[in-house]
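Student: Please take a close look at one residue in this protein. I would like its surroundings first, then the wider fold.

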Amino acid sequence: MNELQEDKDSSLITMPGLVSIKTPPEAPPLRISVPDDNNHNQTGSGSGKSEQVNPKTNSPATRRPPSPSPSAYRSSAKKKSPPEKVVMDESSLDNPDLGPFLLKLARDTIASGEGPNKALDYALRAAKSFERCAIDGEPSLDLVMSLHVVAAIYCSLVRFDEAIPVLERAIKVPEVLRGMDHALAVFSGYMQLGDTYSMLGQLDRSIESYKEGLKIQMEALGDTDPRVAETCR
């Protein structure tokens, strides 16, 4: 050791990741054997002995899977779960709370993309419930709304011929003299009927329906209302 400390001409051997070592010039060169998969030994100079080296390994238990990004949570939050299937008999349609529930269920089914056929079933049941629960002599705007939804679903299924009688019925339910809500319900029915005739290629009937709807809207809102101008355009 004293000879190593006194020898100032010794060379400096540096290896990445290891401590710098001073060796005298007459010493044999430092030999490094890279361990293969079956023999993890590192051999030093001049000793003739093998020193067992335990390489650092990453334990699989310490590796963590990548955390999901925030966008994954956002995308999953946007997904709507399909409405649950509702099973009921005809007697349950007499419940006045069932009509609004079924109508909402029909709209949610359409929004979820589950399919128009199931939405149509809900909307038809909603209309029947509103009809059963309606007070005698009192026109039900809820029934009108459900009929409009039924007709819209028929159109989405390219069943235009079935949508027309539903809309004709919806136009007859409200009474214009009962107030603006009833008048605008009739107006909405005529406009939807005009759209349906147009999709069937029956332009004359389509224009007549639009004219009837515009007439009722002008009577309810006045000639200068912006909504009337929009309908005229």
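Tutor: Start with the contacts of Ala 183. Leaving aside residues up to four places away in sequence, Ala 183 touches Val 176, Ile 216 and Ala 220. Contact here means heavy atoms within 4.5 Å. This is a predicted model, in which local features need pLDDT of at least 70, side-chain atom pairs count only at pLDDT 80 or more, and totals for chains, interfaces and linings use all residues. Residues are numbered from 1 along each chain as its sequence is written, and side-chain values use heavy atoms, with hydrogens and water left out.

Ala 220 lies 37 residues from Ala 183 along the chain. Their C-alpha atoms are separated by 6.5 Å. Ala 183 sits in helix H7, residues 180-199. Helices (H or I, at least four residues) and strands (E, at least two) are DSSP runs, numbered from the N terminus.

Is Ala 183 buried or exposed? Ala 183 counts as buried because its relative accessibility is 3%. Buried means under 20% relative accessible area, exposed over 50%, and partly exposed in between, with a 1.4 Å probe and protein chains only.

Now the annotation. Over residues 187-220, the chain is 91% helix and 0% strand. The end C-alpha atoms of that stretch are 9 Å apart.

Last, the whole protein. It has 9 helices and 4 strands. Their order from the N terminus is α-β-β-β-β-α-α-α-α-α-α-α-α. Of the 233 residues, 28% are buried.
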